[in-house]
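Me: Could you walk me through this one? I am still new to reading structures, so please take it slowly.

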Amino acid sequence: MNEVLASTASDAAPQDNALAAMLGRGEAALEAAVGAESPLSAQLRVLRRRLAEERLQMAILGQFKRGKSTFINALLGAAVLPTSVVPLTALATFISWGPQPRIVVLFKGGDPRREFAPQTIGEIRDTLFRFVAEEANPENRLGVERVELFFPADLLADGTVLIDTPGIGSTLKHNTEAAFQVLPECDAVLFVVSADPPITELEIDYLRRLKSETTRIFYVVNKADYLQPEDRRALIDFLRKTLVEKALIDAEPQIFCVSARDGLTARETGAEQLLAASGIGALEDHLVRSLVTEKRRWLDRAVRSKAADVLTHAAAELDLRQRALAMPLEELAANGTRQALRHGVALMCRKADHSYRGRSRWDHRCEPAAWRVFCCRGAIRNCKAISPPATTRNPRAIGQSSDRDLRSSERGLTSAPAAA
Ligand SMILES: Nc1nc2c(ncn2[C@@H]2O[C@H](COP(=O)(O)OP(=O)(O)OP(=O)(O)O)[C@@H](O)[C@H]2O)c(=O)[nH]1
Ligand SMILES: [Mg+2]
């Protein structure tokens, strides 16, 4: 089944029932093999549900501060997403159609979800700000897993879901990571660059990566209000040439030039001329027309390709389990210990790196590496406590050498700490 999905991922025709039936069989087989609770089974279930409900997920991606959130506000006709001149969006928001505005926030670790029924546009924006804005929820201290906004906008009525994402490339690296985490959820992309600068090397790299993750990319040049009409033409020509040459896009890329700021103002005030000049009206018309004719095909292709990925992972996991079953017990115990040791030390190193900034005054003379060794002592002691019985253990490999290394590192740390 995996092969069937993979081989047809690129040239999928709308064969709704066949694909749904195939996913159903795959789901049943996967649940029998790895269990219904496995994340892989859950991923396949979500894909099957999305196909049945025709939920095409269209992400708005780009470098930080290109105006992504403002652009979505212009499409929705209301300033529901928080925006700012400093890096703001830190977590993705999934925006789907709903008869009344509603916000659902899911938390990591199974904490109870929270639901809000905001009454005004300002309340929607303020509620979202509390969870998705870097300022209100720095480094996701609230442990938010997912934020969903339901909103009665025409563009969403056919099941299309817009995803507002954090921008990549700012000094806040966790925002870039959060943006990358959304990529497996994207079926189609609106990639936003801005008039000044036209496009950066980082954006080209991002686009190369997106090509393998998504089935359809639209290109949007925002902040066109900075440009004279003749400059807009020159910019689009430059961008098209750059995309074909550098981002290796083979077909003629479709590029829209918009002013999200003016589009939003026009939508809020009903100014038809401004809406036309902003380019937002034309982009939305094009999007709606494309969605009517192409949505099912894009969704089929995306679901096939993502399901193939899930099944490839499942096959690898099963293969690993099978090999583990065939392995002699003693070898398995030794491997398990090595893995636990590596895992424990890696975890402790991450914690040590994290605590480096908050170290006490005398520790300020330590280099990060020495600080790591200092912090890892506890982790290695813990791992030794779960080593296998003496008959299967190689004391030189696990216990003694770690102790010896640590003793010399500790001597180095206490006798001659390097200046930071
Ligand atoms: N002149 C002009 N400014 C715009 C336009 N669109 C957005 N801006 C401004 O650009 C700044 C950034 O807008 P955001 O929508 O927050 O940008 P973003 O890409 O979502 O930013 P991050 O989420 O932090 O990556 C804000 O000050 C907006 O007012 C536009 O079309 N024209
Ligand atoms: Mg934003």
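Reply: Let us begin with how directions are compared: axes are lines fitted to C-alpha atoms, for helices over the stretch in contact, and angles run from 0 to 180 degrees between N-to-C directions. This is a predicted model, in which local features need pLDDT of at least 70 and side-chain atom pairs count only at pLDDT 80 or more, while totals for chains, interfaces and linings use all residues. Residues are numbered from 1 along each chain as its sequence is written, and chains are lettered from A and ligands numbered from 1 in the order in which they are written.

Me: ok, so at what angle do α4 and α9 pack?
Reply: The angle between α4 and α9 is about 30°, and their axes are 8 Å apart. Helices (H or I, at least four residues) and strands (E, at least two) are DSSP runs, numbered from the N terminus.

Me: and which residues make that contact?
Reply: On the α4 side they are Thr-70, Phe-71, Asn-73 and Ala-74, and on the α9 side Ala-260, Arg-261, Gly-263, Leu-264 and Arg-267, where contact means that the C-beta atoms, placed from the backbone, lie within 7 Å.

Me: switching topic, which residues come nearest to ligand 1?
Reply: Gly-67, Thr-70, Thr-83, Thr-89 and Gly-167 come nearest, out of the 21 residues around ligand 1; a residue is near a molecule or strand if its C-beta atom, placed from the backbone, lies within 6 Å of it.

Me: which helix gives the most to that shell?
Reply: It is α4, with three residues, and both α4 (68-76) and α9 (260-269) supply at least two residues each.

Me: now the sheet, what is the order of the strands?
Reply: The nine strands run β4-β3-β5-β2-β6-β1-β7-β8-β9 in an open sheet with mixed pairing, where two strands pair if DSSP finds at least two bridges between them. The edge strands, each pairing on one side only, are β4 (114-116) and β9 (255-257).

Me: and in what sense do β1 and β6 pair?
Reply: Strand β1 (residues 57-62) and strand β6 (residues 161-164) pair in the parallel sense, over four bridges, and Leu-162 in β6 is the bridge partner of Met-58. Strand β2 (residues 93-97), by contrast, pairs with β6 in the antiparallel sense over three bridges, and here Ile-95 stands opposite Leu-162.

Terms used:
Two residues are in contact if their C-beta atoms, placed from the backbone, lie within 7 Å.
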